Amino acid sequence: MNWIQVGNLQDIPRQGSRVVKTATGEIALFRSVDDQVFALNNRCPHKGGQLSQGIVHGTRVTCPMHNWVIDLESGEAVAPDKGCAHRHEVRVAHGVLFLEVSDEVKGCK
Amino acid sequence: MNKQKQRLVVIGNGMAGIRTLEELLKMSPDEYEITVFGAEPQPNYNRILLSPVLSGEMKFQDTVLNDWSWYEENNITLHVGKTVNKIDRVRCQVETEDGMVVPYDRLLIATGSNPIMLPIPGMNLPGVLAYRSIDDVEKMLAAAKTGRRAVVIGGGLLGLEAANGLSLQGMEVSVVHLCDWPMERQLDKVGGGLLKEALEKRGLKFYLSRQTEAILGDDKVSGLRFKDGEEIEADLLVMAAGIRPNIALAQSAGIHCERGIVVSDTMQTFDPKIYSVGECVQHRGQTYGLVAPLFEQAKVAANHLARYGRMRYEGSSVSAKLKVTGIDLFSAGDFNPGPGDEELLLQDSARGVYKKLVLRDNKLRGAVLYGETMDGPWYFQLMRDGTDITEMREHILFGQMHLGDSGRGGVSSVANMPDTAEICGCNGVCKGTIVSAIIDKKLFTLEEVRAHTKASASCGSCTGLVEAILANTLGGDYSAKSSKKAICACTESAHQDMPQAIRDLGAKNIPDLMRALQWKTPDGCHICRPALNYYLMTAWPGEYQDDSRSRFINERVHANIQKDGTYSVIPRIWGGVTSPAELRAIAEIAERHEVPTVHITGGQRIGLYGITKENLPKMWGELVEAGFVSGHAYGKSLRTVKTCVGSEWCRFGTQDSTGLGIKVEKMTWGSWTPHKFKIAVSGCPRNCAEATIKDFGIVCVDSGYEIHVGGNGGIKVRVTDFLCKVETEEQVLEYCGAFMQLYREQAQYLDRTAHWIERVGLAYVKQYIVDDAAGRVELYARFLESQRYSQDDPWKERAEGKDAHEFAALATVATKNEVQK
Ligand code: SRM
Ligand SMILES: Cc1cc2nc3c(=O)[nH]c(=O)nc-3n(C[C@H](O)[C@H](O)[C@H](O)COP(=O)(O)OP(=O)(O)OC[C@H]3O[C@@H](n4cnc5c(N)ncnc54)[C@H](O)[C@@H]3O)c2cc1C
Ligand code: SF4
Ligand code: FES
């Protein structure tokens with residue numbers, strides 16, 4: 001396991017997102033209205049829009065470019081659109097965020 | 001073996017003759033060796049556009065239909081400036097004035113018509129012109145430079161267009177007409193009266209029911225005298241008293257002519273080798289003076305010349321429009337009801353709208369539309385198709401829109417479209433794709449079609465068509481949208497319910513409102529949340545806390561996201577007026593930040609493109625420091641107030657449009673509206689600031705300010721409706737604030753003013769803004785009150801650190817185990 005401490009839960013606004021920069025690209029961390037945290041590559045499967053700039057609702061985010069809706073739990077685009085933004089593991093322990101940066105593709109069928 | 005080509009000679013290088021050649025070349029490009037004679041020295045041009053050339057709205061070059069190269073490319077021998085003066089039918093050849101002789105196997109006569117020059121004494125004086133050719137227009141333009149007064153004889157289509165053009169060229173123009181009202185051949189008395197009034201407002205003077213006795217002048221025209229003895233002065237006199245088919249040449253060749261050259265349904269004259277098309281012909285007793293019928297004739301003639309021999313010309317019904325910018329008028333068919341005919345009338349003097357439809361046996365026979373002509377083509381189609389209108393009778397006067405997008409018209413026209421017809425231009429979706437998606441995936445609603453095919457998912461202008469395809473494909477199953485539509489899948493509530501619900505529930509934030517209205521999702525979605533945020537903001541100015549998480553990124557950070565994830569920034573340029581100091585500041589900032597693109601926007605300001613998000617606060621800080629107010633450049637809020645230079649500089653300016661524009665922008669900036677809101681102020685009716693396609697447009701006139709509302713220059717262009725005229729700048733500000741407030745309070749989120757007005761009607765808006773003075777003052781007060789809380793500069797706040805988290809990364813992970821914060 002390769003858990004990295006990236007900040008605190010309160011650094012991300014509710015219904016908002018912050019970005020972690022990595023050597024292989026940006027990862028967007030999302031915080032839902034009920035304080036769940038999710039991490040996806042900051043690239044929309046449609047045309048690469050920055051998902052971190054979208055509107056977060058429920059456990060979904062709407063891409064700011066052309067309004068695809070991406071499910072935060074799986075990283076999959078909500079039907080009928082098809083595509084997947086790779087998911088990363090995140091954990092919140094005592095308000096501290098840990099992110100697993102991995103090249104392994106998760107959450108995509 | 002190369003068969004010897006047949007020779008086709010065309011007399012007349014005008015609209016009908018050349019259109020026939022175009023049709024012929026499409027069908028059979030190698031059939032003939034073609035020679036064209038044209039008396040005019042120009043290549044084939046669009047005569048219709050002479051009026052815009054005269055009024056200065058176009059240049060001659062824009063009217064050329066086929067340039068010299070077209071003739072070359074199609075191997076057509078063209079002789080311009082050559083008049084044919086003899087047709088030798090025995091030898092099958094034509095001869096020109098200067099002795100050129102060309103033989104033909106087939107001949108096409110397309111000599112058009114001649115203007116009627118009334119046999120009045122003085123007719124031949126210099127300064128008396130016809131209105132037929134570019135040559136005439138050039139002479140008029142020259143005369144307008146030196147002369148002051150023009151008189152136009154004839155108040156028909158041509159006469160009025162000439163008069164309007166000359167008046168725009170700065171001349172004082174009088175129109176002399178035999179009848180009681182202008183354009184009596186296209187308009188009934190009421191319509192004609194409205195037209196006369198509108199033209200008088202533009203400065204034309206009318207002498208109606210008057211006959212001219214003599215044209216005065218010694219070596220050039222100086223005036224004219226009426227039969228009753230009155231004399232008026234003129235430096236230029238234009239004869240627009242009608243046209244007469246140009247048949248002299250045909251007549252002299254012994255071809256049977258009456259009023260025109262008589263042709264059969266195949267466009268052949270009595271000599272079967274000789275065809276004729278255009279204004280010179282008489283077909284089944286009719287002659288025509290408009291292009292639509294000529295084009296139909298051209299098709300038939302070409303079909304026979306190409307030896308297909310299939311088509312017949314059976315006559316045309318015609319419709320007419322007056323090409324005077326800003327005056328909407330349409331007429332078609334027979335508009336004087338005969339015995340047994342019915343008349344449907346709509347007259348709204350306040351709006352300047354008049355519509356008359358004449359019915360016989362439940363079919364449309366004629367239409368006169370004044371002030372609102374959008375439905376002209378539709379009526380014309382109903383007329384030509386002989387559609388039984390019994391079922392739409394109640395609504396027909398209100399136009400096609402009123403039958404709904406999925407009304408009968410739409411349904412039958414999409415049924416006739418081929419599968420390859422592109423329905424959604426944004427996403428390139430054809431009819432066939434939509435139909436198979438509906439069938440294969442069992443789609444049932446517009447939303448489903450949008451989701452699966454993307455048709456109508458972008459700009460939405462094809463929504464009506466898509467709904468019609470749905471209705472068609474599903475047959476009776478599809479019930480068109482109910483009048484109230486839920487905002488989105490998260491709720492049953494509709495947009496219309498929101499303002500009332502918010503007030504009744506006293507809801508002050510989105511979660512409370514959602515709970516009270518039993519939203520089906522915990523925190524809505526990207527469709528409902530921005531809408532609720534808007535309704536709450538309008539309901540509780542000053543009190544409601546804007547929810548940035550319910551805003552799209554462009555409104556959240558006041559910069560627009562680009563395809564590569566960078567942003568564009570547009571500082572406010574008040575009324576489009578800037579200064580060297582401001583320009584220098586922008587230039588320096590752009591240089592410092594290595595801005596890749598600096599673009600002059602369509603809204604009279606300067607766009608800076610390619611800014612990274614991290615850089616935004618810094619850049620804003622610098623712009624704020626240089627004195628720029630900003631933000632809202634991409635908001636559903638006031639965008640720009642475009643102005644022209646107005647009376648301060650322009651020789652035509654009637655008021656200080658620039659100064660007024662700045663005042664209006666200072667008052668309205670920062671206001672949030674259901675959709676973006678654009679304003680413009682033009683200094684005179686030439687309207688260089690394009691005020692008549694803005695949400696709120698001001699056109700300055702000598703006596704005050706015309707106010708126009710509900711324009712849109714975007715996906716579907718909509719010209720504004722004239723609201724009213726006011727006298728002072730203060731009134732303009734009051735009407736502007738009141739109108740914006742009414743729109744904010746009553747329109748649905750994402751309605752542009754154009755859509756809103758189409759729905760509620762101009763009369764409704766007038767009732768609040770024009771008729772009810774006290775109500776207007778209250779609206780204005782509410783507008784100013786809410787402006788107190790919204791005219792903060794969002795860039796300033798952010799440069800000072802507001803929402804700083806928006807702009808910085810949470811962390812940077814350099815290697816897999818190391819974190820820098
Ligand atoms: C910047 C500008 C183009 C330019 O470089 O000249 C522009 C750029 C965009 N326009 Fe526009 N419009 C610009 C003037 C116009 C105009 C002309 C005008 O304002 O006089 C129109 C037609 C007038 C009108 O709105 O009635 C115009 C009609 C649209 C429309 C269609 C609106 C409609 O109701 O039909 C859209 C789409 C929308 O709003 O949903 C649009 C949307 C857009 C967006 C925001 C598309 C998007 O969401 O990314 C473009 C953003 C590019 C960017 O990041 O800058 N833009 N756009 C112009 C900004 C003027 C300014 O200073 O604010
Ligand atoms: C100012 C103006 C505005 C108009 N606006 C509209 C409008 O808005 N809508 C509409 O539908 N119609 C309009 N019209 C009418 C329309 O332009 C005519 O119906 C159309 O041009 C007729 O085409 P045509 O080919 O029959 O004649 P023309 O276009 O006149 O062509 C005839 C040509 O034949 C040439 N010619 C004649 N005799 C000879 C000869 N012996 N030898 C060689 N060449 C010869 C002439 O010089 C001319 O170039 C307008 C006309 C004018 C003048
Ligand atoms: S700037 Fe306007 S017209 Fe140009 S591509 Fe973007 S939306 Fe289309
Ligand atoms: S890039 Fe995300 S919807 Fe197009």
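This is a predicted model: local features need pLDDT of at least 70, side-chain atom pairs count only at pLDDT 80 or more; totals for chains, interfaces and linings use all residues.

Colleague: What volume does the largest cavity have?

Modeller: About 70 Å³. The structure holds 3 cavities of 30 Å³ or more.

Colleague: Which residues line the largest cavity?

Modeller: The lining consists of B:P530, B:N533, B:Y534, B:M537, B:S550, B:R551, B:E555, B:K636, B:W672, B:T673 and B:Y749. By class, that lining has 5 nonpolar, 3 polar and 3 charged residues.

Colleague: How do you find empty space like that?

Modeller: A probe the size of a water molecule is rolled over the atoms, and that shows where empty space is left.

Colleague: OK, ligands. Which residues come nearest to ligand 1?

Modeller: B:Q562, B:H599, B:T601, B:G602 and B:Y609, out of 21 residues around ligand 1.

Colleague: How does that shell divide into nonpolar, polar and charged?

Modeller: The shell around ligand 1 has 12 polar residues, 6 charged and 3 nonpolar.

Colleague: What about B:Y609, how far is its polar side-chain atom from an oxygen atom of ligand 1?

Modeller: That distance is 2.5 Å. B:S568 also uses its side chain: an N or O atom there is 3.0 Å from an oxygen atom of ligand 1.

Colleague: And B:G713, how far is its polar backbone atom from an oxygen atom of ligand 1?

Modeller: 2.7 Å for B:G713.

Colleague: Switching to ligand 2. How many residues are around it?

Modeller: There are 31 residues around ligand 2. B:A16, B:E40, B:R132, B:E279 and B:K323 come nearest. The shell divides into 15 nonpolar, 10 polar and 6 charged residues.

Colleague: Take B:A16 and B:E40 from that list. Which part of B:A16 lies 2.7 Å from an oxygen atom of ligand 2, backbone or side chain?

Modeller: Backbone: an N or O atom of B:A16 sits at that 2.7 Å distance. For B:E40 a polar side-chain atom lies 2.6 Å from an oxygen atom of ligand 2. B:A110 has a polar backbone atom 3.5 Å from an oxygen atom of ligand 2.

Colleague: How much of ligand 2 does the protein bury?

Modeller: 91% of the 1,000 Å² that ligand 2 exposes when taken alone.

Colleague: New topic. How many salt bridges over all chains?

Modeller: The count comes to 52. One of them joins the side chains of B:K196 and B:E200, at 3.4 Å from N to O.

Colleague: Where do B:K196 and B:E200 lie?

Modeller: Both lie in helix α6 (residues 189-201) of chain B. B:K196 and B:E200 are 4 residues apart, about one turn of the helix.

Colleague: Now the backbone. What kind of peptide bond joins A:A79 and A:P80, cis or trans?

Modeller: Cis, with omega at about 5 degrees. A:P80 lies in the loop between β7 (69-71) and β8 (87-93) of chain A.

Colleague: Last one. What is phi of B:C92, positive or negative?

Modeller: Positive, near 55 degrees, in a residue other than glycine. B:C92 sits in the loop between β4 (84-88) and β5 (93-96) of chain B.

How values were computed
Residues are numbered from 1 along each chain as its sequence is written. Chains are lettered from A and ligands numbered from 1 in the order in which they are written. Side-chain values use heavy atoms; hydrogens and water are left out. A residue is near a molecule or strand if one of its heavy atoms lies within 4 Å of it. A polar contact is a pair of N or O atoms within 3.5 Å; within protein, one must be able to donate a hydrogen and the other to accept it, and residues adjacent in sequence count only if both atoms are side-chain atoms. Ala, Val, Leu, Ile, Met, Phe, Trp, Tyr, Cys and Pro count as nonpolar, Asp, Glu, Lys and Arg as charged, and the others, Gly among them, as polar. On a 1 Å grid over the protein atoms alone, a cavity is a set of points where a 1.4 Å probe fits but cannot get out, and a pocket is an open set with protein on both sides within 12 Å along at least five of seven lines; lining residues have an atom within 4 Å of a point. Grid points are joined across faces, edges and corners, and a volume is the space filled by probe spheres set on the points. Accessible areas come from the Shrake-Rupley method with a 1.4 Å probe; for residues, only the protein chains shown count as cover. A salt bridge is a side-chain nitrogen of Lys or Arg within 4 Å of a carboxyl oxygen of Asp or Glu. Helices (H or I, at least four residues) and strands (E, at least two) are DSSP runs, numbered from the N terminus.
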